[in-house]
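Biologist: I am new to this entry and would like to learn how to read its features one at a time. Could you give me the general idea first and then the case at hand?

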Amino acid sequence: MSLNKTKSWKVLLVSLAAAVSFSMLSACSSNNNNNSAAEDNSKAVATYKDGTITEKEFDLDTRVMKFLSPQQAQYLEIDAFKESILKQEVAFEYLAAKATDDAKKQAEKEADVQVTSLKTALGDTYESSLKEQNLTEAEIRTYMVRVLTVYQDMLLKITDEQVKAEFEATKGDFTVATLRHVLIGLTDAAGKERTDEDALKLAKEVKAKLDGGADFAATAKEFSDDTGSKDNGGEYKDATLGTYVEEFKKAAQTLPLNTISDPVKTNYGYHIMEVEARTETTFDKLSDEQKETVKSTLASKNLESFLDKDLESLEIKINLPKSSAAADETGSTNSGAEPTEAPSASPAATEAAE
């Protein structure tokens, strides 16, 4: 498991749309086809006050999504998801058209970097994966350029003052701590599920042992269900607290040093924690990479805000054929398929890797 938050299927829509630099997925523009608009005689599946997206263009975008994230392909059978993705494509096309020339130039450079990274990651399967989705590298790159144009434009609009304000509002996330924990999971080491009551009971027993003087490292090796840390005696050294899920992060931020915590509940079970060292970071001590992370967070928030609040102003009309799959609020379909976890916008933390 990861101590990052899981996301609902509705939040996943934004994760998919934000991508490449946000996480290698996205919505894209109506100009992402190698064929010219004059050669595309397919019907319009979306119209808005500044243009249209055709069935052929949407099909291409769908194939690119499947190529970049095959584990999310099941969502493309859900009508509500497809409609939301299509609306986001409109948003990206609209925003890309309004982007500055500097943003477009930077997007071209970044797209080359992303394509190279993608080819390296896929290795020998790169060409066959392209062929499987009937795509060319040029189509992938054009797709990325459009997305990155929007992303870079948002980045360029963020001021130093906004970066500092965002840091001050979230500076606890940049605190660095060394801590140990024992995870009593809702699934044991043998893969057998535990009830919440059984997990809490065992967590309290572990705490009692530690309060009684038991060695933390030895206790973690014996009891912890976190395979990412148990062999290290439950230790995560010099970790940035913003990588953790909210409940774990808050405990790590506030627990008195060298004190055994009460059981801390997260989605993964109960954690018995001890913070050994904790150092707050000030804005002037941020690295350039950390400042860029703050800017990326702001850019992502601005995109989410536009998708949430400004889409209506584009007067979008959708004309998509209905599929056989229907989604409920959790993202499951009438076929019984379960949704996968949404991709995170930042690299997955190694904490508590299951």
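Modeller: Let us begin with strands, two of which are said to pair if DSSP finds at least two bridges between them. Helices (H or I, at least four residues) and strands (E, at least two) are themselves DSSP runs, numbered from the N terminus. This is a predicted model, in which local features need pLDDT of at least 70 and side-chain atom pairs count only at pLDDT 80 or more, while totals for chains, interfaces and linings use all residues. Residues are numbered from 1 along each chain as its sequence is written, and side-chain values use heavy atoms, with hydrogens and water left out.

Biologist: How many helices and strands does the chain have?

Modeller: The chain has 11 helices and seven strands, and of its 354 residues 46% are buried, a word that stands for under 20% relative accessible area, whereas exposed stands for over 50% and partly exposed for what lies in between (1.4 Å probe, protein chains only).

Biologist: Which strands form the open sheet, and in what order?

Modeller: Strands of a sheet pair through backbone hydrogen bonds, either parallel or antiparallel. Here the open sheet has three strands in the order β2-β1-β7, with antiparallel pairing. Because β2 and β7 stand at the edges with a single partner strand each, one side of each is left without a neighbour in the sheet. Strand β1 (residues 44-48) meets β2 (residues 51-54) over four bridges, and the two form a hairpin with two residues between them. Within this pairing Thr54 is the bridge partner of Ala44, and Gly51 stands opposite Tyr48. Towards β7 (residues 317-318), β1 is joined by two bridges, again antiparallel, and there Ala46 has Ile318 as its bridge partner.

Biologist: Which helix lies across β1, β2 and β7?

Modeller: That helix is α3 (residues 79-97), which runs at about 50° to β1, while α2 (residues 55-68) lies across β1 and β2 at about 60° to β2. Axes are lines fitted to C-alpha atoms, for helices over the stretch in contact, and angles run from 0 to 180 degrees between N-to-C directions.

Biologist: At what angle do α3 and α11 pack?

Modeller: Two packed helices are described by the angle between their axes and the distance between the axes. For α3 and α11 the angle is about 115°, and the axes are 11 Å apart. On the α3 side the contact (heavy atoms within 4.5 Å) is made by Gln88, Ala91, Phe92, Tyr94 and Leu95, and on the α11 side by Leu303, Phe306 and Leu307.

Biologist: Which residues of helix α7 are buried?

Modeller: An α-helix has 3.6 residues a turn, so residues three or four places apart point the same way. In α7 (residues 160-170) the buried residues are Val163, Glu166 and Phe167. They lie on the same side of α7 because they cover an arc of only 100° around the axis, the arc being that of the directions from the helix axis to the C-beta atoms. These buried residues pack against α11 (288-309), whereas the face turned away from them carries the exposed residues Glu161 and Ala169.

Biologist: Is Ser229 buried or exposed?

Modeller: Ser229, which is found in the loop between α9 (216-223) and β4 (235-240), is buried, with a relative accessible area of 1%. Leaving aside residues up to four places away in sequence, Ser229 touches His181, Gly234, Glu235 and Tyr236. Leu68, in helix α2, also counts as buried, at 14% relative accessibility.

Biologist: What is the mean pLDDT of the chain?

Modeller: The mean is 81, and 81% of the residues reach 70 or more, where pLDDT is the predictor's confidence in each residue, from 0 to 100. Over residues 4-38 the pLDDT is below 50, although beyond near neighbours in sequence this stretch has 124 contacts in the model. Residues 325-354 likewise stay under 50, with 75 contacts beyond four places in sequence. Where pLDDT is low, the predicted coordinates should not be read in detail.
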